[in-house]
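Please look through the notes below with the model open beside you, taking the points in order.

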Amino acid sequence: MPREVDVAIVGGGLVGAAVAHGLAGTPLSVALIEPAPPAAGAADWDERCIAVNQASYRILQALGVWPELSRVSAPIVSTHISERGRFGVARFTAAEAGLEALGYNVPIRRIGEVLWQALVRAGRSQLLAPASLSGIGLTETHAVLSLHDGRRLRARLVVAADGMHSPLRGWLGIAAQTRDYAQSAIVTAVRTARPHRGCAYERFTPDGPIALLPKPWAAEENVCSLVWTTPRSGLESRMQCADAEFLAAAQDAFGERLGRFTELGRRQAFPLSRVMAAELSAPRVVFVGNAAQSLHPVAAQGFNLGLRDAATLCELLAVSAGDAGAPELLRRYVELRAPDRSRTAEFTDGLVRLFSNRVPGLRGLRHLGLLALDLAPPLREAVMWQNLGFGGYTPSAARSTR
Ligand SMILES: Cc1cc2nc3c(=O)[nH]c(=O)nc-3n(C[C@H](O)[C@H](O)[C@H](O)COP(=O)(O)OP(=O)(O)OC[C@H]3O[C@@H](n4cnc5c(N)ncnc54)[C@H](O)[C@@H]3O)c2cc1C
């Protein structure tokens with residue numbers, strides 16, 4: 001007979017691991033299936049980071065993992081949004097929101113590592129790793145999961161956290177709407193002549209946005225993460241050119257706000273597309289994180305949105321009595337997540353379209369948009385709350401700080 005658990009989580013990336021850890025304090029039996037759990041390693045100055053917003057910071061705090069992450073995180077105390085060749089600028093500060101930081105820039109590898117270490121320490125979940133799912137069958141009361149190594153598992157609820165290309169979506173016949181942006185994000189790090197002072201910069205150019213975010217690196221304030229959206233046609237030359245040539249081109253796109261760029265880190269490229277699952281649930285299954293929606297990184301919303309999926313699901317499961325995969329629980333999950341998901345996806349996609357477009361009329365609109373963002377209080381407030389992660393249903397873990 002296959003082993004039986006209340007909840008089986010497929011995929012132990014950042015979001016799947018967060019769900020597993022969020023359920024550690026509940027009486028539910030949980031299994032987490034992951035082919036490649038994070039490996040520990042020393043931090044590098046050019047390590048890839050992601051921006052976690054205020055809501056995510058609070059959720060990570062509620063999960064008990066923030067104290068470790070705070071040591072390797074750089075606070076973002078302001079943002080500065082501009083368009084190359086125009087004067088309009090929009091600025092947001094933590095002070096105007098009454099916060100210490102709008103968010104934090106954190107090494108992505110450390111988030112995974114710290115969550116997995118916490119899971120091991122808690123000793124509450126069965127960690128099936130390395131292991132991967134090879135198929136799923138459904139009965140009225142259970143999902144039956146088959147692993148590649150021949151093991152089988154019965155679960156009341158399956159949490160699909162298996163990423164943008166979610167094999168589970170395919171096996172369950174759930175369609176996904178894909179939009180190929182014909183762009184890649186080049187992610188690297190730069191040293192700059194002037195300190196960033198906790199400011200995250202986003203500069204829109206006709207080819208796509210270039211972002212510089214404060215990077216956690218010792219006590220220096222002269223190291224930034226650089227995320228440069230690049231059209232597919234120009235990717236190879238930008239990835240292959242000499243460091244000096246890349247630095248000069250990045251400097252030209254970004255300008256001199258942080259002085260000269262003096263050193264470049266390793267370059268990594270990520271093809272960009274938006275993938276939206278047609279459903280957030282199926283009988284006995286819910287989708288979270290990139291398996292539910294993968295977004296363009298321009299607004300730094302992907303993990304933040306996925307973490308709200310995770311926190312909302314854990315909140316519902318913590319108070320549910322009995323069957324973890326009951327239709328009522330799945331329905332409530334979809335009801336709570338759908339508005340936040342569509343608002344965040346449309347907000348992100350709108351930014352990509354508005355700022356990637358070379359149509360002359362749109363330039364004026366962009367200029368007005370930046371001015372309005374800087375000057376019109378209702379719009380400022382709406383964008384600020386969206387970016388902080390409070391634009392939709394706020395899971396209880398994100399409502400207060402400890
Ligand atoms: C360039 C770039 C910059 C970004 N910057 C930001 C940012 O600043 N802020 C932000 O919030 N987000 C950002 N994001 C988005 C963020 O990185 C993702 O949304 C997030 O990492 C997704 O996590 P996930 O756990 O849902 O998916 P994944 O990390 O893809 O994890 C899926 C997991 O499923 C596992 N899996 C796959 N198939 C199987 C199987 N058959 N069986 C078992 N397991 C399986 C995989 O091994 C993997 O570990 C950025 C993305 C990019 C590309």
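1. In this predicted model, helix 8 makes the greatest contribution to the shell around the ligand, supplying three residues. The shell counts 29 residues in total, and E34, A51, L133, N290 and F303 are the closest of them. Sorted by class, 17 of the shell residues are nonpolar, nine are polar and three are charged.

2. A polar side-chain atom of E34 is 2.7 Å from a ligand oxygen atom, and a backbone N or O atom of F303 is 2.9 Å from an oxygen atom of the ligand. For A300, a polar backbone atom lies 3.5 Å from a nitrogen atom of the ligand. The ligand taken alone would expose 1,000 Å², of which the protein buries 81%. Besides helix 8 (302-319), the elements giving two or more residues to the shell are helix 1 (14-22), strand 3 (49-53) and strand 12 (176-192).

3. Please also follow strand 10, which spans residues 143-147 and is mostly covered, with four of its five residues buried. On one pairing, strand 9 (residues 133-138) runs antiparallel to strand 10 over five bridges, with G137 standing opposite V144, and a hairpin of four residues joins these two strands.

4. Strand 10 also pairs with strand 11 (residues 152-160), again in the antiparallel sense, over four bridges, and here S146 stands opposite R152. The hairpin of strand 10 and strand 11 has four residues between the strands, and within that hairpin G150 adopts a positive phi near 95°.

Methods. Residues numbered from 1 in each chain as written. Predicted model: local features only at pLDDT ≥ 70, side-chain atom pairs only at ≥ 80, totals over all residues. Heavy atoms only, no water. Near = heavy atom within 4 Å. Polar contact = N/O pair within 3.5 Å; in protein donor to acceptor, adjacent residues only side chain to side chain. Areas by Shrake-Rupley, 256 points an atom, 1.4 Å probe, with all protein chains shown as cover. Nonpolar A, V, L, I, M, F, W, Y, C, P; charged D, E, K, R; others polar. Buried < 20%, exposed > 50% of the residue type's maximum accessible area, 1.4 Å probe, protein only. Pairing = 2+ DSSP bridges.
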